[in-house]
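Hello,

Please find the structure below. My notes on it follow.

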Amino acid sequence: MSDPTLTVLESHKSEVRVYDPLDPVVKHEPYPFYAKLRRDDPVTWLPSMQAFAVARYDDVDMLLKNGKLYSSSMFWPALLGEFDPVPEVPPMISMDPPGHVHLRKLANKAFVPSKIKALVDRTYEVANELIDDIVEKHGPEGEFDFAVDFCALYPVTVIAQVLGVPTARRAEFKIWVDNVLAAANRAAYGPERLAEIQESSDKIRAFFEELYDERAACLQNDLISDFIQAEIDGEKMSRIEVIQMSILLLIGGVETTTNLLGTTLIELNRHPDVYARVRADQTLVPALIEEVLRYNPPVQIIFRHTMEDTILNGVTIPKGSTVMPLLASANRDESKFADPEAFDIDRKIEVPLMSFGQGPHFCLGNYLSRMEARSALETVFSRFELLEPISDEVDWLDSYFARGPHHLKVRYRVRS
Ligand code: HEM
């Protein structure tokens, strides 16, 4: 019997023979390509990216845990290029030890489970407020864009509050973050789109510069004020370091959780039996979130840089190469997950998911995003007795890095 996961690939055989993350067919449905890579080319050179893609779980896991050989130092330059809002200093995601360890220790304090628990009530309030706004605008039933009017505004409101950023401009932050992350596709864009990206990069920087100066003059009870006062080994963070850290947290905290929520509704629409079960029993929500994170994760790919010549799965990778661990492919590795192409909220997950990475840079926001997603989905299921995408066709973001819906028009009815 033929492998059903390869059907999409077969149907495009004449046009598309190889995995190219910039190819629109791949961006729309990368999973059959990942399956083929895992089977035939677990480590492969991608001419369009000038990078090596790594598709199997064990290889991805090993390289993420070996920061000495597979450095993070080129992550931000590879992702954002000349559009990094703060090119003077790297963000912690793009640092190796010892610099990374210092900053991570500092940031960890704000994201430990006890701090996240203290935010739970606020996340339910934010979700309820957004749904109140939707009902006020569109009435008790009708249509709205779930991706834009709910998913995009919810995490940005939560993280803005943690950082101490006024929420009045939250819709603008989302646009800035989207545009800055779009720099990942810069090779495919013309001057007009690049100018938009540059403008957002400048705006995000100017906004945080102003905020830093306000907080430095008058400290508050928020994360930016904590960073301004914090000392690492007797040294304070510089103004530019605090600004870079704040922007990283905004970028990290916004796009990812937004996309997780949007993709969850898409998967529920594709699996109506699961939708009915989680609506009837909300204790299944955490298992639903884990399966969406595995099956269709918000971050598909990250970047590393080799510090020495090396050989991975028989492929020689020269020193100074860009390496792209395909996290989303690792999550469907058949040697780690039974029936990996099936969406199954009852599955027993026996190895860590790759969705938040592994090793020293393991996502700082993993507790926060799981907690946020749970509060949001519980609130959505309680408040909407009907919430379903109008079309089965998905308008995925134009990105090989971030996975989530660009728009998601839904039909809804609130519970009276
Ligand atoms: C579903 C939601 C999320 C996903 C899928 C996700 C994914 C990831 C991944 C894959 C990494 C590893 C990067 C690497 O190894 O190079 C990472 C790191 C990071 N994430 Fe997240 N993330 C999510 C939510 C968040 C949130 C809510 C925050 C905000 C606080 C955040 C902040 C960060 C930071 C600061 C790092 C860098 C950590 C370090 O360099 O030590 N993430 N995330």
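**Leucine 387 and its surroundings**

Leaving aside residues up to four places away in sequence, leucine 387 touches Phe144, Phe146, Leu265, Tyr275, Arg279, Val380, Val410, Arg411 and Tyr412, where contact means heavy atoms within 4.5 Å. This is a predicted model: local features need pLDDT of at least 70, side-chain atom pairs count only at pLDDT 80 or more, and totals for chains, interfaces and linings use all residues. Residues are numbered from 1 along each chain as its sequence is written, and side-chain values use heavy atoms, with hydrogens and water left out.

Leucine 387 lies in strand 11 (residues 384-389); helices (H or I, at least four residues) and strands (E, at least two) are DSSP runs, numbered from the N terminus. Its relative accessible area is 2%, so leucine 387 is buried (under 20% relative accessible area; exposed is over 50%, partly exposed in between; 1.4 Å probe, protein chains only). Tyrosine 412 is 25 residues from leucine 387 in sequence, yet their C-alpha atoms are 4.4 Å apart.

**The core**

The largest nonpolar core has 139 residues, and Leu387 is among those with the most contacts inside it, as is Tyr19. Such a core is a set of buried Ala, Val, Leu, Ile, Met, Phe, Trp, Tyr and Cys residues joined through side-chain atoms within 4.5 Å. Helix 14 supplies the largest share of this core, 15 residues.

**The iron**

Cys363 (SG), 2.3 Å away, is the single protein donor to the iron atom of the ligand (donors are N, O and S atoms within 2.8 Å of the metal, 3.2 Å for Na, K and Ca; water is not among the atoms, so sites may look incomplete). Cysteine 363 sits in the loop between helix 17 (327-330) and helix 18 (366-383).

Regards
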